Amino acid sequence: MVLFVGVGCGKNNEVLDSFQLAYQLNNKDLTATVVDYEGTKVTDLKVPSVFKSMDGKEYSVVAMDDGVFELNKVLKKITLPESINMIGSYAFCSSKNLKNILFIKKLFQNTGLIFKKMSII
């Protein structure tokens, strides 16, 4: 289990972790959706399976929102945890330097064109 403690608020009151991933938290079922990536220097990103908030609650990271890494110019590799079961449309669209995406889980729900205009296709 990988834990990253919440360190602040991003746009639209999302919570940021130490790698500048922004999450929308669901307190009802203690799940988190990655809604934005605000990092500018990391080239090899490992999305955590669990987000731990400052109040100690642990949220399972289960989804990635539409366009979460769209147009990213820095990332070269992303590792997604087994807990991810949904990837939104255009999640990696036009991320021209992104060469490797490691999926720990083989089956997930794809809501649309997540790989359009990428150099790995």
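**Aromatic pairs, core and parallel sheet**

Reader: How many aromatic pairs does the structure hold?

Author: The model discussed here is predicted. Within this structure, the number of aromatic pairs is 3.

Reader: Is the pair of Tyr 23 and Phe 51 stacked, edge-to-face or tilted?

Author: The ring centres of Tyr 23 and Phe 51 lie 4.6 Å apart, and their planes meet at 40 degrees. Planes under 30 degrees apart count as stacked and those over 60 as edge-to-face. The pair of Tyr 23 and Phe 51 is therefore tilted.

Reader: How many residues apart are Tyr 23 and Phe 51, and in which strands do they lie?

Author: Both Tyr 23 and Phe 51 are buried. Tyr 23 belongs to strand 4 (residues 21–26) and Phe 51 to strand 7 (residues 50–52), and the pair links distant parts of the chain, 28 residues apart.

Reader: Which class of aromatic pair do Phe 69 and Phe 92 form?

Author: For Phe 69 and Phe 92, the distance is 5.8 Å centre to centre, with 5 degrees between the planes. The limit for this class is under 30 degrees. The pair of Phe 69 and Phe 92 is stacked.

Reader: Which parts of the chain does the pair of Phe 69 and Phe 92 tie together?

Author: The two parts are 23 residues apart in sequence. Phe 69 lies in the loop between strand 8 (58–64) and strand 9, and Phe 92 in the loop between strand 10 (86–87) and strand 11, so the pair ties together these two loops.

Reader: Is Phe 69 buried or exposed, and is Phe 92 buried or exposed?

Author: Buried means under 20% relative accessible area. Phe 69 has 1% relative accessibility and therefore counts as buried. Phe 92, at 0% relative accessibility, also counts as buried.

Reader: Which residues touch the most other members of the largest nonpolar core?

Author: In soluble globular proteins, nonpolar side chains tend to be buried together. Here the largest nonpolar core has 22 residues. Strand 4, strand 5 (31–37), strand 8 and strand 9 each give two or more residues to this core. The members that touch the most others are Val 47, Phe 69 and Phe 92.

Reader: Which strands stand at the edges of the open sheet?

Author: The 3 strands of this sheet follow the order 6-9-11, with parallel pairing.

Note on methods: Residues are numbered from 1 along each chain as its sequence is written. This is a predicted model: local features need pLDDT of at least 70, side-chain atom pairs count only at pLDDT 80 or more; totals for chains, interfaces and linings use all residues. Side-chain values use heavy atoms; hydrogens and water are left out. Two strands pair if DSSP finds at least two bridges between them. Helices (H or I, at least four residues) and strands (E, at least two) are DSSP runs, numbered from the N terminus. Rings of Phe, Tyr and Trp (its six-membered ring) pair if their centres lie within 6.5 Å; planes under 30 degrees apart count as stacked, over 60 as edge-to-face and the rest as tilted. Buried means under 20% relative accessible area, exposed over 50%, partly exposed in between (1.4 Å probe, protein chains only). A nonpolar core is a set of buried Ala, Val, Leu, Ile, Met, Phe, Trp, Tyr and Cys residues joined through side-chain atoms within 4.5 Å.
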